[in-house]
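Q: I am new to this structure and would like to learn how to read its features one at a time. May we begin once it is in view?

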Amino acid sequence: MTLEQAVKGQRVLILDVEENSMRAQAMRLGIYEGAEFICTEKIKGGPVILCGQGGETAVGKRLSQKIRIELAQDKDRGMDR
């Protein structure tokens, strides 16, 4: 799934940024493989607002379509039981 598909309130884990040019842009925003964020807002047709890594970041629609994520709680589910 991509960051564009995240829902407000979800905790997400960044898996990859699909294009090299977009990867550099994402890294400038503090978004890199293994980083975790909470989606605090999603504006229809616009940016996804992420909180984590020491601040809040707005990720534009085009970039959010190139960032592959998984839900962080899905990864941790097995450890909680």
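Q: With which residue does K66 form a salt bridge?

A: In general, side chains of opposite charge can pair when their charged atoms come close. In this predicted model, the partner of K66 is E19, and the closest N and O atoms of the two are 3.0 Å apart. The pair joins distant parts of the chain: K66 is in the loop between α2 (61–64) and β5, E19 is in the loop between β1 and α1, and 47 residues separate them. K66 is partly exposed because its relative accessible area is 23%, and E19 is likewise partly exposed, at 32%.

Q: How many salt bridges does the count give?

A: The count comes to five. Among them is the bridge between E36 and R11, with closest N and O atoms 3.1 Å apart. This pair also links distant parts of the chain, with E36 in strand β2 and R11 in strand β1, 25 residues apart. Another of the bridges pairs D16 with R23, and here the closest N and O atoms are 3.6 Å apart.

Q: Which residues have the most contacts inside the largest nonpolar core?

A: The idea is to look for buried nonpolar residues joined through their side chains. Here the largest such core has 18 residues, and L3, I31, L50 and I67 have the most contacts inside it. Two or more residues come from each of β1 (11–17), α1 (20–28), β2 (36–42), β3 (48–52) and β5 (67–71). Beyond its neighbours within four places in sequence, L3 is in contact with V12, V48, L50, V59, S64, I67 and I69.

Q: Is T2 buried or exposed?

A: The cut-off for buried is under 20% relative accessible area. T2 has 15% and therefore counts as buried. T2 is found in the segment before β1, and, leaving out residues up to four places away in sequence, T2 touches S64, Q65, I67, R68 and I69.

Q: How many disulfides does a search of the whole structure find?

A: The search finds zero. As for individual cysteines, C39 is buried, with a relative accessible area of 1%, whereas C51 is partly exposed, at 36%.

Q: Over which residues does pLDDT stay under 50?

A: Where pLDDT is low, the predicted coordinates should not be read in detail. In this chain, pLDDT stays under 50 over residues 75–81, for which the model has three contacts beyond four places in sequence. The chain as a whole has a mean pLDDT of 90, and 89% of its residues reach 70 or more.

Methods:
Residues numbered from 1 in each chain as written. Predicted model: local features only at pLDDT ≥ 70, side-chain atom pairs only at ≥ 80, totals over all residues. Heavy atoms only, no water. Core = buried A, V, L, I, M, F, W, Y, C linked by side-chain atoms within 4.5 Å. Buried < 20%, exposed > 50% of the residue type's maximum accessible area, 1.4 Å probe, protein only. Helix = DSSP H or I, 4+ residues; strand = E, 2+ residues; numbered from the N terminus. Contact = heavy atoms within 4.5 Å. Disulfide = S-S within 2.5 Å. pLDDT = per-residue confidence, 0-100. Salt bridge = Lys/Arg side-chain N within 4 Å of Asp/Glu carboxyl O.
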